[in-house]
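Biologist: I am new to this structure and would like a close look at one part of it, the place where the two chains meet. Could you take me through that part carefully, and then through what lies behind it in the second chain?

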Amino acid sequence: MVYIKKDNVAYNLHIIKTKKFKTVSIHVNFKRKFTKEGITLRNLLGEVLLESTKNYPTRRDIILEKENLYRANFLYQSVRSGNYAVLEFRASFLNDEYTEEGNAKQAIEFLNEIIFHPNILNDEFEATSFLRSKNVLKEQIESAVETPRRYATKRFLEEFYPKSVFQYMGPGYLEDLEEISAKSLYEYYQSVLNSDFVDVFVCGDVDEKEIEELFKDCFAIKTVKKKTESHLIVNEKLRKRAKIVTDQKQTQQSILMIGCKLPKLTDYERKYVGRLYSYILGGGAESLLFQNVREKHSLCYTIHSTFSSVDHNLIIQAGIDAKNVKKTISLIKKSMKEIGAGKFPEQMIESFKLVNQTVRKEILDSPVGIINLYRNHEYVKTDLLEKMEEEQKKLTKEDVMKFASLVKIDTIYLLEGGMKDEEVNPQ
Amino acid sequence: MKKLTLNKLDIDLFQETLESGLTVYVAVKENSNRNYVALTTRYGSDTVSFVPRGKKKMIDVPLGIAHFLEHQMFEMEDGTNPLEEFSKSGSDANAYTNNSQTCYLFSGVHNILENLEYLLKYVSEPYFTDASVEKEKGIIIEELKMYADMPDTVLFNTIFQNTMKLHPSKHPVIGTIQDIKKTTKEDLYTCYETFYHPSNMYLLVVGNVDPKEVIEVARNSNLNQKHIKDKHEMIQVKHYDEPKAVVKKYEKKTLDIVLPKIAITWKFNLEHKSVEEKKKLNQYLSILFSSKFGSSSLCLENLRNERIISDILYLDRVPIDDYLLYMMVGETKEYDTLLERIKTEMKDITISKEDFERKKKVLISSYIYMSDNVDSIAGYLDETIYYYHQVEDNWYQFLKELTWEEMNEMIKTIDFSHYSVVVLESK
């Protein structure tokens with residue numbers, strides 16, 4: 001596997017050459033500072049560009065072309081990476097060896113068609129396809145909180161980040177959607193092409209000269225280059241006392257979410273120790289939460305913690321019965337204290353290292369894994385595989401105990417469901 | 001050891017049936033770091049009436065017991081937890097139960113043979129106590145409630161209930177709270193002794209392994225050695241004279257959802273078809289439904305133009321013994337109109353030759369995509385092993401030889417008159 005990064009002034013071209021796959025994968029990433037309005041705009045833009053293009057005016061035309069290109073895949077994804085919003089267009093298609101000569105080139109040209117040749121009439125997106133995309137997104141927004149878990153996550157974030165933009169999440173907001181017209185979205189689209197930071201990732205058995213030429217010819221990105229800022233979110237103020245919020249809803253299960261904000265961490269803590277801490281606390285079947293809450297007290301089916309090295313936070317989620325809330329919270333607090341006191345099997349540090357050795361190897365089995373590795377390296381300076389291995393080896397019990405002293409509960413959120421066992425009827 | 005080469009893919013497949021009746025399949029993918037290992041028993045939630053091994057009389061057991069048993073297999077006499085044993089080598093282990101299979105699996109990079117030995121050991125050592133069974137009830141009930149809160153669970157449970165009259169697939173895999181509460185240690189042992197006999201199981205390994213070593217480990221395993229001298233015994237399970245007709249042709253329920261959902265499920269009886277015919281019909285029906293209602297269909301385009309639906313129709317199929325259920329799910333307020341349109345479209349069950357050829361190209365391409373990923377390879381192999389009791393080494397050729405003319409002939413023999421409609425209306 002060979003990695004080549006080319007600075008093409010307006011965009012970075014990252015080429016990962018490997019003969020391992022029967023496919024070629026391309027991700028074209030646009031990023032800018034994260035805002036609430038941007039969530040809806042960027043999702044709608046993704047929908048519109050995949051709904052209609054200049055030469056393929058209906059979604060059916062686009063999908064027929066995908067099928068003709070031997071089931072090539074084209075999709076978009078809009079996500080937050082710390083302070084930044086990332087709109088990613090993905091393409092993957094089979095090598096010519098498995099299709100016919102010229103198929104790969106055609107697929108790249110089709111990706112170019114999707115991103116750079118939208119269906120524009122009089123300086124705005126064509127009305128019918130624009131409305132259709134708007135309806136698709138409207139339905140996605142409306143049903144986004146249909147399950148109690150997703151509803152709880154949304155409400156939790158509102159309480160966890162009350163005055164910050166990070167309380168907002170995908171796929172968007174109806175009040176913002178209403179404001180967007182075919183014209184304003186087109187203006188936004190042009191500003192994306194002109195001012196977003198752009199990174200293009202290509203992974204597969206490709207010729208880098210050919211790829212470079214192909215992109216030079218067709219990728220009309222005119223970004224004026226400026227320095228990108230850090231993606232990392234710094235928590236300005238930390239609470240001394242946890243905030244407790246309870247909502248009620250007619251659901252069968254209650255969802256408990258606990259959020260901890262972390263102070264500014266060192267790079268080592270952020271990249272390595274935080275993940276180890278979360279692994280010991282709520283990473284898997286060995287973890288203290290799984291053992292204490294599920295196995296010893298039979299209080300839940302799922303319980304886990306996730307650490308975000310970019311957002312500087314740690315979030316715990318459990319599905320429980322409303323009557324066991326107090327007991328569960330006290331067991332969670334007890335588990336957190338145990339880590340601080342070093343009361344956890346040291347063997348877990350070794351298994352964390354081994355699990356990560358596995359993860360590092362498995363990354364190399366998937367084009368998306370490989371691209372994400374280089375994307376994260378570019379965006380949030382995560383280490384590449386060799387460095388990761390070296391650094392992880394150094395992790396100690398003391399690192400974890402010290403980290404534990406930084407983890408303080410900020411928000412406890414409960415979505416309280418009220419049904420008794422007799423009332424539960426999944427049919 | 002029988003060797004097959006999967007045509008067009010760089011995968012060799014080895015197969016051997018051991019003395020105990022356990023069949024081992026090993027697919028070698030040399031360029032993979034990840035390995036996937038799964039031990040499956042041909043026993044799932046559909047089996048609730050059978051003659052226990054060594055007995056003569058048919059008994060009934062509580063619903064959901066296959067799933068309960070899966071949970072209890074993780075109880076060990078020495079108090080260890082199998083999931084933890086796997087994570088000691090950085091591997092990831094799991095298990096699942098569906099209507100016809102219970103599967104114990106792990107994936108990883110290191111210590112594959114040692115882990116395989118352990119897998120075959122822990123699944124061969126049941127250890128259930130009254131206390132462990134009681135403890136597990138709380139966990140499983142929380143799992144049930146988690147699913148019961150998901151609208152899709154309600155939808156699919158209703159579909160099966162309204163489609164199948166006698167066959168136990170009409171019940172949810174997990175059972176009901178009442179069944180979970182009445183399950184005993186004795187029930188679990190009875191099911192274990194009957195269905196976890198190696199002659200009712202198969203082992204599938206996919207990855208960069210030496211097939212000889214894998215088969216050697218399986219041969220020396222506890223699971224094989226314990227049963228070498230067993231007499232071959234056919235398991236008698238209750239046969240259901242499932243009628244061709246559905247139970248309820250139409251049902252509407254109200255639920256706390258934003259957008260109504262509609263599901264149309266066809267019930268196809270395939271009892272007089274040969275294995276070869278079933279294989280072909282599976283493909284032809286997929287081509288038919290995807291051409292008629294898939295994202296590149298004219299019908300969907302028209303439905304979107306008229307704003308009857310905004311996004312797509314989800315298509316899925318579930319084989320149940322002699323039956324094949326084919327389902328289509330849409331989300332729309334205009335579900336009555338959608339239903340009428342689907343009925344009208346189904347009056348003509350032919351498609352154009354051009355559509356057929358394009359869909360065939362998509363099927364062949366999907367087969368090649370599949371071969372880049374060990375989990376997808378395992379999914380494909382598991383399906384052919386489970387349903388056809390053999391591995392198809394020339395699937396590529398099989399797909400190539402499908403013809404439009406044959407499709408028209410075969411589709412004509414299918415009765416499309418039995419279908420059931422479920423609507424989930426929003427409150």
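Modeller: In this predicted model, the contact between the chains draws 52 residues from chain A and 56 residues from chain B. On the side of chain A that touches chain B, the elements that give two or more residues are helix H2 (59–68), helix H4 (127–143), strand S11 (300–308), strand S12 (313–320) and helix H12 (347–363) of chain A. Of these, H12(A) gives the most, with 7 residues. Sorted by class, this side of chain A has 18 nonpolar, 18 polar and 16 charged residues.

Turning to chain B, its domain assignment gives domain 1 (2–225) and domain 2 (250–426), and the C-alpha centres of these two domains of chain B lie 28 Å apart. The contact between them takes 32 residues from domain 1 of chain B and 30 residues from domain 2 of chain B. On the side of domain 1 that touches domain 2, at least two residues each are supplied by S1, strand S2 (11–17), strand S3 (23–28), S4, helix H5 (151–163) and S9 of chain B, and the largest share, 7 residues, comes from H5(B). By class, that side of domain 1 of chain B has 16 nonpolar, 13 polar and 3 charged residues.

In chain B, 7 strands form an open sheet with mixed pairing, in the order S1-S2-S3-S9-S4-S8-S7. Strand S1 (2–6) and strand S7 (92–97) of chain B stand at the edges and have a single partner strand each, so one side of each is left without a neighbour in the sheet. From one strand to the next, the twist averages 15°.

Within this sheet, strand S4 (residues 35–41) and strand S9 (residues 201–207) of chain B run antiparallel and are joined by 6 bridges; as one example of the pairing, Val37(B) has Val205(B) in S9(B) as its bridge partner. Towards the edge formed by S7(B), helix H1 (residues 65–72) of chain B lies across S7 and strand S8 (102–108) of chain B, and runs at about 160° to S7(B).

To return to your request, the part where the chains meet takes 52 residues from chain A and 56 residues from chain B, while the contact inside chain B takes 32 residues from domain 1 and 30 residues from domain 2.

Notes: Residues numbered from 1 in each chain as written. Chains lettered and ligands numbered in written order. Predicted model: local features only at pLDDT ≥ 70, side-chain atom pairs only at ≥ 80, totals over all residues. Contact = placed C-beta atoms within 7 Å. Helix = DSSP H or I, 4+ residues; strand = E, 2+ residues; numbered from the N terminus. Nonpolar A, V, L, I, M, F, W, Y, C, P; charged D, E, K, R; others polar. Pairing = 2+ DSSP bridges. Axes fitted to C-alpha atoms, helices over the stretch in contact; angles between N-to-C directions. Domains from an automatic or database assignment.
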